[in-house]
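Take a moment to turn the structure around, then follow along below.

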Amino acid sequence: EAISKPELIKLSTQKTKTTKSISGEQHILNSTNNLLETSFNVSGLKTGTTINAGQCLITVSQTDGKKLLTIVLNSKNRFNDTKTLIDWANYHLTTPK
């Protein structure tokens, strides 16, 4: 359901976002998603790393009007794994009619 929210997708495509707290203090938020602003047309929904889950990345990409949700867990290189998935899907999958 989150990927159906245009506001969330728009926000998650930004490498840097400046915002203010309730007290009026300004904060600069920087994305750790290295796939933003690349030819993969990725919206970066969630990055993270933990001991148990390893490197994780959830993205939405769009090619020729088709949206693709990728989820990579316990990766040694989440960005390369995501690029591989996107390339594979763009080559092998077609939109059902």
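## Overall layout

The protein chain has two helices and five strands; here helices (H or I, at least four residues) and strands (E, at least two) are DSSP runs, numbered from the N terminus. Starting at the N terminus, the order of the elements is α-β-β-β-β-β-α. Along the principal axes, the C-alpha atoms fill a box of roughly 50 × 35 × 25 Å.

Before going further, a word on how to read this. Residues are numbered from 1 along each chain as its sequence is written, and side-chain values use heavy atoms, with hydrogens and water left out. This is a predicted model, in which local features need pLDDT of at least 70 and side-chain atom pairs count only at pLDDT 80 or more, while totals for chains, interfaces and linings use all residues.

## Surface, contacts and charge

How much of the chain is buried? Of the 97 residues in the protein chain, 25% are buried, where buried means under 20% relative accessible area, exposed over 50%, and partly exposed in between (1.4 Å probe, protein chains only). The chain exposes about 7,100 Å², and carbon and sulfur atoms supply 54% of that area; the areas come from the Shrake-Rupley method with a 1.4 Å probe, and for residues only the protein chains shown count as cover.

Among contacts (heavy atoms within 4.5 Å) between residues at least 6 apart in sequence, 26% join residues at least 24 apart. As for charge, the mean positions of the 12 positive and 7 negative charges lie 1 Å apart. Lys and Arg count as positive and Asp and Glu as negative, with His and the chain ends not counted; each charge is placed at NZ of Lys, CZ of Arg, CG of Asp or CD of Glu.

Strand E3 (residues 42-50) runs antiparallel to strand E4 (residues 54-63), and eight bridges join them; two strands pair if DSSP finds at least two bridges between them. Gly-44 has Thr-59 in E4 as its bridge partner. On the other pairing, E4 meets strand E5 (residues 66-75) in the antiparallel sense over eight bridges, and Leu-57 stands opposite Val-72 in E5.

## The two hairpins

E3 and E4 form a hairpin with three residues between them. Ile-51 sits in this loop between E3 and E4, and Ile-51 counts as exposed because its relative accessibility is 85%. The C-alpha atoms of Ile-51 and Asn-74 are separated by 9.1 Å, with the two residues 23 apart along the chain.

The hairpin of E4 and E5 has two residues between the strands, and there Asp-64 takes a positive phi near 50°.
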